[in-house]
Amino acid sequence: MKNYPLWKIIVVFILLGLGITFAIPSLLYKEDTGSWYLDNRLNLGLDLQGGSYLLLEVQTDVLIKEEFENFSDTVRVISRENRVKINNIEKQKDVLKVRFDSSEKLNTIREEFLKNYRSVTFSITNNIASISIDEIYKKSIQDGAIKQSLEIVRKRIDESGTKEPLIQRSGRDRILLQLPGVKDPERIKDLLGKTAKLNFHMVDDDDTKSLSLNIAPFGRMIVSDISKEEIKYLLEKKSRVGGENLIDAYASFDPTEGHAVSFRFDTTGAQKFGKATSENIGKRFAVVLDGVVITAPVINSAITGGSGIITGNFTSQEATDLAVLLRAGALPAPLEIVEERSVGPGLGADSIAAGQIASIIGMILVCIFMVLIYGSFGLIANISLIANLFIIIALLGTIGATLTLPGIAGIVLTIGMAVDANVLIFERIKEENAKNTKVYETIKKGFDRALSTILDANITTLIASLLLFIFGSGPIKGFSITLSLGVIASMFTALMLTNLLVHFYISFTSKKEINL
């Protein structure tokens, strides 16, 4: 092997060894073992192992409604500060009509209002103010809600332990969710069906008259208990601290209350929580989740550490799920499941079997062709082809890629492409051999002449596959990933491994000429 550089031999053996080593978990192990190495394997997509398919719609209309409610509250506060009486507030489509008792100070109210909402239209006609939003403002609210919902859905699914889910935007206001291996998606649906908007409100136990009449005065709201709807609480409308200040939540156990959820605030939340509890000792502090009161304990002492505990007759699973929801954050708007499908594992098993048969038949036919045409050199090309598959599987497992049916198609295509490079090399060696040059010089010139053609063909294919990955989605991405890795692996096996094996074959057999 004097004619082959030592550093290339070392690189080839190291990469080939790593390829075989990291392909083993994907080939031999199917169940989780808890070992980093053994669990470092290929994940099968929804079409191969079965699972659940959900299409979620973000209820952005709720956000528009909340925005107009904020407009209404802001106008009430500003009017009260300027001592201007409001006779009536009415929402008409995308316009909020506010009828004042007089037209005095309306310009002042308008200026103060627009300090908080710069992109809102505030027009005045006599003693009536019209507050409206345009399509651009509405679209910005919707786009923000979709992006935030995507992140929160991803966090909740990851926290639930589902492996390699596909989560992506679909259309204007929908989210596509594919959950490989999830046969019963009910728990996932429960996790996604809750907005998980957590707030802490002071309870007003003094105004019993409003509570008995079920009429909330301005600045107050009436909220039901989570377990008994007939139990009502009169709460301050403005929350003292919200779930956006939470930095951690986890299931715990309280000796007196049973299963609970412990939480911890950030610095800002800890200050707000500490101030609220220190100023209201002896009063009740309600924990409100998605518009219902979970618990409303009495504040016995100031809580300044920024942490606390939520109790509410939870089961162990309920406490765990609530902690997951709080850690992931609140959805900006509710999600509605508009489509649900289940893919059986039997269909996936048939797909895997069909893909395996196609790959094996394709590989056998290619191997036979190469041996018939190129003899011993064809056998060398077949060894490189097998090594190529090991490297592809190792790369897919290492990066945690999900293998789908289009991905299998990419692997089958790679088998054919990997042979193309070897055919080019052998044909160039044939041409050099006809010139009656020395054996090692013939091999070197053959590889050198084929190099530019192989690089051109593979780099253009790699660019195309990268564009498919960037602009494609779902199955297209699965195909582009396997194709990209296959191109990289085939260039290595053709230009380095085949080269090494050819040199080793010539050295071992001490051939003085090449028969191709």
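**Figure 1. Strands β14 and β17 of a predicted model pair in the antiparallel sense.** Six bridges link β14 (residues 258-265) to β17; two strands count as paired if DSSP finds at least two bridges between them. Helices (H or I, at least four residues) and strands (E, at least two) are DSSP runs, numbered from the N terminus. Within this pair, Val-261 stands opposite Ile-310 of β17. This is a predicted model, in which local features need pLDDT of at least 70 and side-chain atom pairs count only at pLDDT 80 or more, while totals for chains, interfaces and linings use all residues. Residues are numbered from 1 along each chain as its sequence is written, and side-chain values use heavy atoms, with hydrogens and water left out.

**Figure 2. Three strands form an open sheet in the order β13-β14-β17.** The pairing is antiparallel. Because β13 (246-254) and β17 (307-314) each have a single partner strand, they stand at the edges, and one side of each is left without a neighbour in the sheet. Neighbouring strands are turned by 25 degrees against each other on average, direction ignored. Axes are lines fitted to C-alpha atoms, for helices over the stretch in contact, and angles run from 0 to 180 degrees between N-to-C directions. Helix α8 (residues 267-279) packs on the sheet and touches β14 and β17; contact means heavy atoms within 4.5 Å. The direction of α8 makes about 115 degrees with that of β14. Helix α9 (residues 316-328) also packs on the sheet, touching β13, β14 and β17, and its direction makes about 170 degrees with that of β13.

**Figure 3. An open sheet of four strands has the order β12-β9-β15-β16.** Its pairing is antiparallel. The edges are β12 (241-242) and β16 (292-295), each with a single partner strand, so one side of each has no neighbour in the sheet. Strand β9 (residues 198-202) is joined to β15 (residues 285-289) by five bridges, and Phe-200 stands opposite Val-287 of β15.

**Figure 4. Strands β3 and β4 form a hairpin with two residues between them.** Strand β3 (residues 86-92) pairs with β4 (residues 95-100) in the antiparallel sense over six bridges. Ile-89 has Val-98 in β4 as its bridge partner. In the turn, Lys-93 has a positive phi of about 55 degrees.

**Figure 5. Glu-57 lies in strand β2 (residues 51-58).** This residue counts as buried because its relative accessibility is 18%; buried means under 20% relative accessible area, exposed over 50%, and partly exposed in between (1.4 Å probe, protein chains only). Not counting residues up to four places away in sequence, Glu-57 touches Asp-173, Arg-174, Pro-334, Leu-335, Glu-336 and Val-338.

**Figure 6. Ser-210 is found in helix α7 (residues 208-213).** With 14% relative accessibility, Ser-210 counts as buried. Leaving aside neighbours within four places in sequence, Ser-210 is in contact with Ile-215, Pro-217, Ile-222 and Leu-234. Ser-210 and Arg-220 are 10 residues apart in sequence and 9.7 Å apart in space, C-alpha to C-alpha.

**Figure 7. Helix α14 (residues 475-509) has a kink of about 35 degrees centred on Thr-493.** The bend at a residue is the angle between axes fitted to the seven residues ending there and the seven starting there. The 35 residues of α14 reach 47 Å from first C-alpha to last, close to the 51 Å expected at 1.5 Å a residue; the expected span is 1.5 Å times one less than the number of residues. Just after α14, Ser-510 takes a positive phi of about 55 degrees.
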